[in-house]
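Q: Please take a close look at the aromatic ring pairs of this model and their surroundings. A connected account, with the criteria stated, would be appreciated.

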Amino acid sequence: VWRQEETERINRTLTGAERKAAFCGLVEQEAQLIASIGRHKLNADEENQQKAILHFLDKCAQPKRWKAYDGKITEMDTEHTLRARELFEIYRSISMNDIPKDERIDVLLTLRRTVKEHECKLTWEIVELIDREVDLMSREVKECNLEGLRKRICTLFLQYIKTPKFNPEVARILKVPPDPLKLYKNVNFCISCENDLPSTEFPVPANSRTIGRCRLCCKLDNEAQRREAFLKYRLILENLRKSEADYQDDAKIVFVVQRQDLQYMIESIWGCQSALSACSDLYDLVMVRWDKQREWSPWNTILLTKDEADAHLRLCNLQEAYEPAFIHRIKYKHIRAKNYFAQIPAMASFLHRSDNQANAN
């Protein structure tokens, strides 16, 4: 919206070489804003990832809890929860920044003693990295040059914590079970990125019959799509529901219709303009009953400006107020709305009831 407004302003105020220069500057400014949004997103993702890790480790370290018959909560620590709490405290200490050199060395030595309890390739690599950092710190290497090494230590130690052999309490929280044979029945193929992923990575709607794209592909597709502002349609729907509630005649159809349905009606059936004045400012348009004696429905409505709607609702006889050609045009739009909403099962019952009432009248 901002880019469109700037483009209109440039076209309105500048010409010739100045106009071309302004467009070049606009493109550069837009690129800078998009890059800034990307940087904010990366920072937010990194921060959220660190929060998720700390929440996961804190969940592992929680004591066992149960409610007694008198309603009191009893807590009990087991050897597994104590082990998980110890590992959590060590991870939180080594992931902290800007701590004194002596404290950092004490934390690293504590970590070294902890992982040395188990001999494997992972622990050997952690010990090697710890020795390397202690050696570099003794050589007065700058803090900024140690960031990569410290991230590797944190990553490997997190992998150590997530191993049930070293931290038994983590086995009940891990999404992926240690036994890979249990995953075979819950793996699906993403048709977009062509990866085999767990079923939890696929958003499956209630009416879906097949597995489509994974969450990451859906997220990327959403970022690539052109953004549309639906506020104007939501405002029209909110005003419509508020006006129908004021009638107090148990109106139901208006609360079944969703924003997408109303948008289709306004764009495809009513052409985004008032039926009387052809005004196309959606912020000034409202939907009201065509025949105010009957409940609002897609086949009993008209799109008008606010002033026209007030005048329309004061009419007593539509046949005398409007010309036959205009009434015929409105009826044609109602027929189109009937044909569209007859395909929706939730609206079909209202459509049949409305037809029966019309026949009775």
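A: Rings of Phe, Tyr and Trp (its six-membered ring) are taken to pair if their centres lie within 6.5 Å; planes under 30 degrees apart count as stacked, over 60 as edge-to-face and the rest as tilted. Helices (H or I, at least four residues) and strands (E, at least two) are DSSP runs, numbered from the N terminus.

The model is predicted: local features need pLDDT of at least 70, side-chain atom pairs count only at pLDDT 80 or more, and totals for chains, interfaces and linings use all residues. Residues are numbered from 1 along each chain as its sequence is written, and side-chain values use heavy atoms, with hydrogens and water left out.

Burial is judged by relative accessible area: buried means under 20%, exposed over 50%, and partly exposed in between (1.4 Å probe, protein chains only). Tyr 264 is partly exposed because its relative accessibility is 29%. Tyr 340, with a relative accessible area of 23%, is likewise partly exposed. Tyr 340 also forms an edge-to-face pair with Phe 341, at 5.0 Å centre to centre and 85 degrees between the planes. Phe 341 has 0% relative accessibility and therefore counts as buried. Elsewhere, ring pairs link Tyr 91, Phe 157, Tyr 160 and Phe 166 into a cluster.

The loop between H10 and S5 contains Tyr 283. Tyr 283 is partly exposed because its relative accessible area is 48%. Ala 278 also lies in the loop between helix H10 (259-269) and strand S5 (285-289), and its phi is near 65 degrees, a positive value in a residue other than glycine. At 41% relative accessibility, Ala 278 is therefore partly exposed.

A further residue, Glu 244, is located in helix H8 (residues 231-247). Its relative accessible area is 3%, so Glu 244 is buried. Leaving aside residues up to four places away in sequence, Glu 244 touches Asp 249, Ala 251, Val 254, Arg 289 and Trp 296, where contact means heavy atoms within 4.5 Å.
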